[in-house]
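User: Can you walk me through this one? I have not looked at it before.
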Amino acid sequence: MKKNIQLMLCSLLFLDAGCSYPELTMDEIRELTKTGTGGSDGMDSGGSGSDEPVKEISIKFDKYTVYSDNNGDKIVNKGETVGLRVSLKNTGTGTTNAVEATFSSNSPSISGFTPTTAVNYATIAAGSTKTVNYDGYAGSLAESYTVKFTVSNSATAGTQIPINISIVDESGNTWADSFNAVVGSETAEMAYDKYTVVVDYDGDKKVEKGEQVYLQVLLRNIGSGAANAVKASFSSGSSYISGLSPTTQIDYGNYTGGQSKYGQGGYDFSVYYTIMFTVSNSATAGTQIPINIGMVDGSSNSWTGSFNVKVE
Ligand SMILES: [Ca+2]
Ligand SMILES: [Ca+2]
């Protein structure tokens, strides 16, 4: 109290220059003048001599990325539950704190939109972009989605899903922005998946030198759209095998998105196999036998793949 009175007297008497505050440190003076009313404003402006310009703060939508989807192609597809990471940018000159964004959508093409409560973006520095999880976590580890929803099965490619953003900061500033998530097209993409040894000479299902081996080769449609009338042909430039058969196209049939199955190249020893070949006696354990795959579908889409069979 005694210090306060000293300071008030100095202020009232306009003794800034000459007034001494024997019992006050500079920090204490600063604190007292800041929290006071009336005269403190005068002391602040008079003391510093230069007003800082008012910092503008403006929070806007920056971009979104697909964090999770059902088939892993990072494209928003019909029928998928999709997690998006949403980035906001402070395009102003001032940093702001306690930024909260509430996302919503009235799109008839989605359901289960979450979260409906505010997402905590906390501090966004001037000019910087920030991305957070739905729970406000912004670290590089344990990343997750910001918003999540399920796309209707009836959504068509090109459907726009409008998402609104209501933003508020510590000072009660508010902004409204929006963006569109776009439903992508359904495409098929055929790829090698895996092989299994179904017949070999000694029955241990290991490929060894001198053996005639029969493999089932599984191809997977890693796309989201259907692939129909898929055919594949196999070839190898390896000098460690002979008699690769068949070398003609093998029918793999129709695929839905994500499906994996083997093609029937022949039937022997009571089992369907895709390809068979004989391993040279000169192959050693660890020899890799590269096999190339050419794939086509009924719509004249084509893909290539390859895999190695390891000699054990
Ligand atoms: Ca997808
Ligand atoms: Ca074997």
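Analyst: One term to begin with: pLDDT is the predictor's confidence in each residue, from 0 to 100. This is a predicted model, and pLDDT stays under 50 over residues 28–49.

User: How many contacts beyond four places in sequence does the model have for residues 28–49?
Analyst: The model has 14 of them for that stretch. Residues 1–22 also stay under 50, and for them the model has 17 contacts beyond four places in sequence.

User: And what does the protein chain average?
Analyst: The average pLDDT is 87, and 83% of the residues score at least 70.

User: How many bridges join strand 8 to strand 9?
Analyst: There are 9 bridges between them, with strand 8 covering residues 160–168. As an example, Ser166 has Ala176 in strand 9 as its bridge partner.

User: How many bridges do strand 19 and strand 20 pair over?
Analyst: They pair over 9 bridges, in the antiparallel sense. One of the links runs from Pro290 to its bridge partner Asn308 in strand 20.

User: Switching topic: which residues touch the most other members in the largest nonpolar core?
Analyst: Those are Met190, Leu219, Val230, Ala232, Val279 and Met295, in a core of 31 residues. Elements giving two or more residues to this core include strand 10 (190–199), strand 12 (227–235) and strand 18 (275–279).

User: Which strand gives the most to it?
Analyst: Strand 11, with 5 residues.

User: What does Met190 touch?
Analyst: Leaving out residues up to four places away in sequence, Met190 touches Leu219, Asn221, Ala227, Val230, Met295 and Trp303.

User: How many residues are in the other core?
Analyst: The other core has 26 residues and lies apart from the largest one. Among its members are Val86, Ile110, Ile161 and Ile165.

Definitions and conventions:
Residues are numbered from 1 along each chain as its sequence is written. Chains are lettered from A and ligands numbered from 1 in the order in which they are written. This is a predicted model: local features need pLDDT of at least 70, side-chain atom pairs count only at pLDDT 80 or more; totals for chains, interfaces and linings use all residues. Two residues are in contact if their C-beta atoms, placed from the backbone, lie within 7 Å. Two strands pair if DSSP finds at least two bridges between them. Helices (H or I, at least four residues) and strands (E, at least two) are DSSP runs, numbered from the N terminus. A nonpolar core is a set of buried Ala, Val, Leu, Ile, Met, Phe, Trp, Tyr and Cys residues joined through C-beta atoms within 7 Å. A residue is buried if 20 or more other C-beta atoms lie within 10 Å of its own, exposed if 12 or fewer, and partly exposed in between; C-beta atoms are placed from the backbone.
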